[in-house]
Amino acid sequence: MQSVNPCSSLVNMLDTRNTLLLSVPLLVLSVSAFVEELDDTFLKTKGDDDIWLIEFYAPWCTVCEQLDPVWHQIGSELKSLGSPVNVGKTDAMESKDLTKEFKVRNLPTIIMLKKDVKYNYSGPKTKDGIMEFADRVSGPLVRHLGSVQLFHHVKSRHDVMIVYVGATSPLKGNFTSIAELLIVHTFFFSASRDVLPKEVSLPSLPAVVIFKDGTYFTFNEERDGDLQSWINRERFPNYSQIDGYTLYAMGESGKLVVLALGEEKSLSAESLRYKSLVEKVSTDYKEVYSRTFYFGFMKGSEYIDGLVMGELSVPTFIVVNLSNDGFFLPPGAVQTERHLLDFLNGVLDGSIQGQGGNSIDLRAQRLFYNIKVTLKVTFIKSPVYCCFLISLPLLVVGVLIHLCRKKLPASANEDDGALLAPSLRRRRKLTDKKSD
Ligand SMILES: *[C@@H]1O[C@H](CO)[C@@H](O)[C@H](O)[C@H]1NC(C)=O
Ligand SMILES: *[C@@H]1O[C@H](CO)[C@@H](O)[C@H](O)[C@H]1NC(C)=O
């Protein structure tokens, strides 16, 4: 194709505009020995055993721009730690082949490539979160705990610890394949029987054991079904402080989540009371509820507001069904433990009506609700910035998508969501995922 079609001239226009807008920060940041700029030649030139952490970005994506300094810190820190992880970034608009190869849909997208296996990062875009991911995924799929000391050290640092106990076996093969899928979320360990505390009683070896909540659970195929679903279901602590990313990840567990919602910043006495109430019930009634519910405390209701499409007044209790974006609110005030138990039982026996859901209709409503909220928040923070950064590229990109839908199918997809706040995309993923 010659450059006579309207698309390429629009692309050029967009490029020029962004080069002008972003040239100052780029000049400062692009000089870094620790982050390599990658292009479509990457897959041919990389070594077979290389481990790469790659960010896909676009010049007009503001979230990517915010991530840039963090990305460079990560590059320099991994280098100074002597990590085997190479850090790179690539412009998704330029590297079409790479973008296609890695099925990039949102920007920024962070992936790790290790021996040709791709791992997607879906946690918070913070240095700590990404560094932890890089460390976890770049290491062995199953980490061997060779001594009692090491076992205790690791146990003290992990709320949930998934351990294969015993010698090599077909079960270990299954465990390792599951680790390959789930290492993006959690660590996997192995140990011999004598490394575990004496009081741990295992009916037979080999075994898979999850240590959490001050106790342990042993996998039993007859009772628990297949190993992967069981690990997915049980890989969270029974009670924990939960953020939006964790809540999203909990969707895979298939359990309902009982949340006490408190204020974003300084917690009121009432919020603290709700928090200890939910924690107490989670512990005292573990036997009754832990197969069905996870329990948690969440600061701020922004994430949940997006789900229920309204502003909840905090503190409050809510039960969310992440499998279908449904939720349950208590019919009256929850003052006592009895009230909370009645609420949970009401959810289980169906006497409390579920709300929400993931019908196409509700998903569309939720999307518009979230766009509205995001624009409002950005506008309040900085009206000029908002209009400039959101409306202009939106308009240009909108026209671009419209004109180029046939010509540039891949880029139309990449644009999708890239301009929205991360919290919003999180929620959209929450809904999108359920469509599979
Ligand atoms: C390993 O997984 C396969 C299929 O998922 C299953 O049929 C088999 O029983 C498992 N083996 C063991 C030892 O758990
Ligand atoms: C939660 O959603 C799943 C999937 O739609 C559904 O099967 C299940 O019954 C729901 N649980 C409750 C308590 O509504």
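How far is an oxygen atom of ligand 2 from an N or O atom in the side chain of Asn324? Keep in mind that this is a predicted model.

**Exercise 1. Describe the surroundings of ligand 2.**

Step 1. Start with the opening question. The distance from an oxygen atom of ligand 2 to an N or O atom in the Asn324 side chain is 3.3 Å.

Step 2. A polar contact needs a pair of N or O atoms within 3.5 Å, so a pair at 3.3 Å counts.

Step 3. Look at Asn321. Here an N or O atom of the side chain lies 2.4 Å from an oxygen atom of ligand 2.

Step 4. Find the cover. Ligand 2 exposes 360 Å² when taken alone, and the protein buries 46% of that.

Step 5. List the shell. Leu256, Asn321, Ser323, Asn324 and Phe328 are the residues around ligand 2.

Step 6. Sort the shell by class. Two residues are nonpolar, three are polar and none is charged.

**Exercise 2. Work out how H7 and H9 are arranged.**

Step 1. Locate the partner. Helix H9 spans residues 227-234.

Step 2. Read the geometry. The axes of H7 and H9 come within 10 Å and cross at roughly 50°.

Step 3. Name the arrangement. Angles under 35 degrees would be roughly parallel, and 65 to 115 roughly perpendicular. H7 and H9 are therefore oblique to each other.

Step 4. The crossing of H7 and H9 is right-handed.

**Exercise 3. Find the backbone features in the loops.**

Step 1. Go to Pro108. A cis peptide bond joins Leu107 to Pro108, with omega about -5°. Pro108 sits in the loop between helix H4 (96-101) and strand S4 (109-114).

Step 2. Go to Pro206. Leu205 and Pro206 are joined by a cis peptide bond, and omega is about -5°. The loop that holds Pro206 runs between strand S8 (189-191) and strand S9 (207-212).

Step 3. Go to Asp116. Its phi is near 65°, a positive value in a residue other than glycine. Asp116 is in the loop between S4 and strand S5 (117-121).

How values were computed:
Residues are numbered from 1 along each chain as its sequence is written. Chains are lettered from A and ligands numbered from 1 in the order in which they are written. This is a predicted model: local features need pLDDT of at least 70, side-chain atom pairs count only at pLDDT 80 or more; totals for chains, interfaces and linings use all residues. Side-chain values use heavy atoms; hydrogens and water are left out. Axes are lines fitted to C-alpha atoms, for helices over the stretch in contact, and angles run from 0 to 180 degrees between N-to-C directions. Helices (H or I, at least four residues) and strands (E, at least two) are DSSP runs, numbered from the N terminus. Angles under 35 degrees count as roughly parallel, over 145 as roughly antiparallel, 65 to 115 as roughly perpendicular and the rest as oblique. A crossing is left-handed if the near helix is turned anticlockwise from the far one by less than a right angle, and right-handed if clockwise. A residue is near a molecule or strand if one of its heavy atoms lies within 4 Å of it. A polar contact is a pair of N or O atoms within 3.5 Å; within protein, one must be able to donate a hydrogen and the other to accept it, and residues adjacent in sequence count only if both atoms are side-chain atoms. Accessible areas come from the Shrake-Rupley method with a 1.4 Å probe; for residues, only the protein chains shown count as cover. Ala, Val, Leu, Ile, Met, Phe, Trp, Tyr, Cys and Pro count as nonpolar, Asp, Glu, Lys and Arg as charged, and the others, Gly among them, as polar.
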